[in-house]
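Colleague: I am new to this structure and would like to go through the terms used for it. Could you take my questions in turn?

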Amino acid sequence: AGGLVLSLMVVGIPWQMKRTAQHVPAIHDISTDTEHPPEFVTLLPLRKSAPNGTAYGGPDIAAQQHRAYPDIQPLTLHVPREKAFSQALKAMDEMGWDLIDANPAEGRLEATDTTLWFGFKDDIVVRIRAHGEDSRVDVRSVSRVGRSDVGTNAKRIRQYEQKLSHVQ
């Protein structure tokens, strides 16, 4: 029985990933702001040898993202920027990401997440800006390797925004 379960996992996980890959664009950089995506600063040296750079892919990538993930949008929090920053930091901690930098003056957080099955490193930058009396939160998640993330970065942003919406 154990062998059967293990065999199903060995076959099932790649099969499910292949199925998912057929329904998502072959992109690895997802951002809530495709016109002016949040930029990495502190993570740049760690990404130096990564096959995927940090320069955003431009209008073509943005168009593919908008078609595949129309729900990936900036998040508005009805709190001042300083409070939004602390909430964003707490949500990031709850996600289990490795915090690389927290810069409250710039409203920027940078972190790395490691995928469960294959141990791929993906980098995240969160930008918090004042938007009137509220705060606008933009999130960008970028895979270090691979042409396609098989939807992982969009899923990560959705989960983070969901958590951030409920953190106090």
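Modeller: What follows is a conversation about how the terms apply to this protein.

Modeller: This is a predicted model, in which local features need pLDDT of at least 70 and side-chain atom pairs count only at pLDDT 80 or more, while totals for chains, interfaces and linings use all residues. Residues are numbered from 1 along each chain as its sequence is written, and side-chain values use heavy atoms, with hydrogens and water left out.

Colleague: How do you know which strands pair with β6?

Modeller: Two strands pair if DSSP finds at least two bridges between them. Strand β1 (residues 29-31) has three bridges to β6, in the antiparallel sense, with Ser 31 partnered by Arg 140. Strand β2 (residues 75-77) also has three antiparallel bridges to β6, and there Leu 77 stands opposite Ser 135. Strand β5 (residues 121-131) runs antiparallel to β6 and is joined to it by ten bridges, with Ala 130 opposite Ser 135. In the hairpin of β5 and β6, two residues lie between the strands, and Gly 132 takes a positive phi near 70°.

Colleague: Why are helices α3 and α4 called oblique?

Modeller: The axes, which are lines fitted to C-alpha atoms over the stretch in contact, with angles from 0 to 180 degrees between N-to-C directions, come within 9 Å for α3 (residues 81-95) and α4 (residues 152-166) and cross at roughly 125°. Angles under 35 degrees count as roughly parallel, over 145 as roughly antiparallel, 65 to 115 as roughly perpendicular and the rest as oblique, and α3 and α4 are therefore oblique to each other.

Colleague: Which residues of α3 and α4 meet?

Modeller: A contact means heavy atoms within 4.5 Å; the residues that meet include Gln 87, Ala 88 and Met 92 in α3, and Arg 156, Tyr 160 and Leu 164 in α4.

Terms used:
Helices (H or I, at least four residues) and strands (E, at least two) are DSSP runs, numbered from the N terminus.
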